[in-house]
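User: I'm new to this structure and would like a close look at a single part. Could you walk me through it in plain words?

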Amino acid sequence: MINMMLSQLAEYLDGQLIGQDVAIEQVSTDTRTIEPGSLFVALVGERFDAHDFASNAVEAGASALLVSKALDCSTPQLLVDDTKLALGKIGQFVHQLCQTPTVAITGSCGKTTVKEMVASIMMNKGQVLFTAGNFNNDIGVPLTLLRSTPEDDFAVIELGANHIGEIAYTTQLVQPDIAMVNNVAAAHLEGFGSIDGVKQAKGEIYQGLKPGSVAIVNLDSHGGEYWQQVLADKRVVHFSVSDDSADFFARNITMSTAGEASFELVSRQGTFSVELGIIGQHNVANALAASALAFELGATIEMVQSGLKHLAKVKGRVESVSLTDKITLIDDSYNASVPAMKAAADLLSSFGGVRWLILGNMAELGDESLALHRQVGEHAAPFKFEHVLTFGADAKAISEQCQGKHFDTHESMIEFIKQQLANHNGAQTLLVKGANSAGMSKIAAALKEMYT
């Protein structure tokens, strides 16, 4: 981040500086990542109060503390009303000082993949600040913005949410030049209430755009009338997998034996071939979204082609791992939504040999949860996978639809898989997916450990 004095932050935040003025070189909310020159932010949540750990931060080398109640210590403190809101304002302040061309991305699924694609493309043109891991909420976004430096040529910021108003808040911090909703689907329904709530929440990203700015919209999945008013004064660019009225669409999609897609990308910049360095036909839509964003940032066709072909693997996100010369693991255990679960089944269906669909619960689906899990099962059943294994109460509906097997513990599932793999010598593909709370990463980790 940009180095600044504590007094500068006090003035910007309208806070009270207690103690001497010191230089701030880093901002942290975690005592484990404190370095000399750090400002430790004492966040307060429903079940914790980081003011209780301020002494740990000081012992670790924190130069100053951002607090909402004055502490009895000699370390300089910046006293504010709300430390979380102050963290957001500092992130906003630092990022705006850097004046970096910025895109913001949200969506029910695929937003992390699109973010990685855009970053991969734009690295061919300059230095890129982009969201690391899952730092996409009201805490993670400010921490991402705090990594901004004047040397950044582009910024690609991912915005997630589980309730209405969160994207409006983080978009205000990011102040993007270009914004996109990758898609709208049944996800986080507990917080959004309904699919209409999802449309409203995701559309908040466009509210942060200035009139005349670019809004990227998916013709295949969008907010309809919920977005009409906010998009009225924006320059709208559309993408679609198959609708040739869109500014970006795909033709002649083919799949390799490894599950990677190739296609012709038709755009205003021209028609050109694309080879994806990531498996799954559903990633064609993500590639179209990323291409639309990248072209608005000044990428060339060659940069788009190179960036999409040479994508870095992201752990737990459609990560293909050859466990042996005959056994392939597709680790997609990071998270899950209804469209992503269906896409996972579609992907697995393209493989030969013995196919394992190993699924955990989807989370935060509210009263619709059981019906939506059953919907996934109905989608997967016609593929007649040799093994369908599930974990988590509502996920049982999937294995029931597919004549599969349900497990109450990870351990029993892992043991079953081990026994079956030991008794079969042919080609096998195992796809693992589920919500973070379902802990399906434990299954993927156990499989990797078996063959290392």
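This is a predicted model: local features need pLDDT of at least 70, side-chain atom pairs count only at pLDDT 80 or more; totals for chains, interfaces and linings use all residues.

Analyst: Lys 234 has a relative accessibility of 12%, so it counts as buried, the cut-off being under 20%. Its partner is Asp 233: the two form a salt bridge, and their closest N and O atoms sit 2.6 Å apart. Asp 233 comes out at 37% relative accessibility, so this residue counts as partly exposed. As background, side chains of opposite charge can pair when their charged atoms come close.

Now for another pair, Arg 268 and Asp 247. These two also form a salt bridge, with 2.4 Å between the closest N and O atoms. What does the pair link? It ties together distant parts of the chain, 21 residues apart. Arg 268 lies in the loop between strand S15 (260-267) and strand S16 (270-279), while Asp 247 lies in the loop between strand S13 (235-240) and strand S14 (248-255). As for how open they are, Arg 268 has 62% relative accessibility and so counts as exposed, the cut-off being over 50%. Asp 247, at 11%, counts as buried.

Some salt bridges share partners, and that is how Lys 115, Glu 116 and Glu 158 end up joined into one network. Lys 115 has a relative accessible area of 1%, so it is buried. Glu 116 is buried as well, with a value of 17%. If you're keeping a tally, the count of salt bridges comes to 14.

Next, a look at how two helices meet. Helix H4 covers residues 111-122 and helix H11 covers residues 301-309. They pack at an angle of about 125 degrees, with their axes 7 Å apart. The two helices are therefore oblique to each other, and H4 passes H11 in a right-handed crossing. Which residues make the contact? On the H4 side they are Met 117, Ser 120 and Ile 121, and on the H11 side they meet Met 303, Val 304, Gly 307 and Leu 308. Sorted by type, the residues of this contact of H4 with H11 divide into 5 nonpolar and 2 polar, with no charged ones.

Key
Residues are numbered from 1 along each chain as its sequence is written. Side-chain values use heavy atoms; hydrogens and water are left out. Axes are lines fitted to C-alpha atoms, for helices over the stretch in contact, and angles run from 0 to 180 degrees between N-to-C directions. Helices (H or I, at least four residues) and strands (E, at least two) are DSSP runs, numbered from the N terminus. Angles under 35 degrees count as roughly parallel, over 145 as roughly antiparallel, 65 to 115 as roughly perpendicular and the rest as oblique. A crossing is left-handed if the near helix is turned anticlockwise from the far one by less than a right angle, and right-handed if clockwise. Contact means heavy atoms within 4.5 Å. Ala, Val, Leu, Ile, Met, Phe, Trp, Tyr, Cys and Pro count as nonpolar, Asp, Glu, Lys and Arg as charged, and the others, Gly among them, as polar. A salt bridge is a side-chain nitrogen of Lys or Arg within 4 Å of a carboxyl oxygen of Asp or Glu. Buried means under 20% relative accessible area, exposed over 50%, partly exposed in between (1.4 Å probe, protein chains only).
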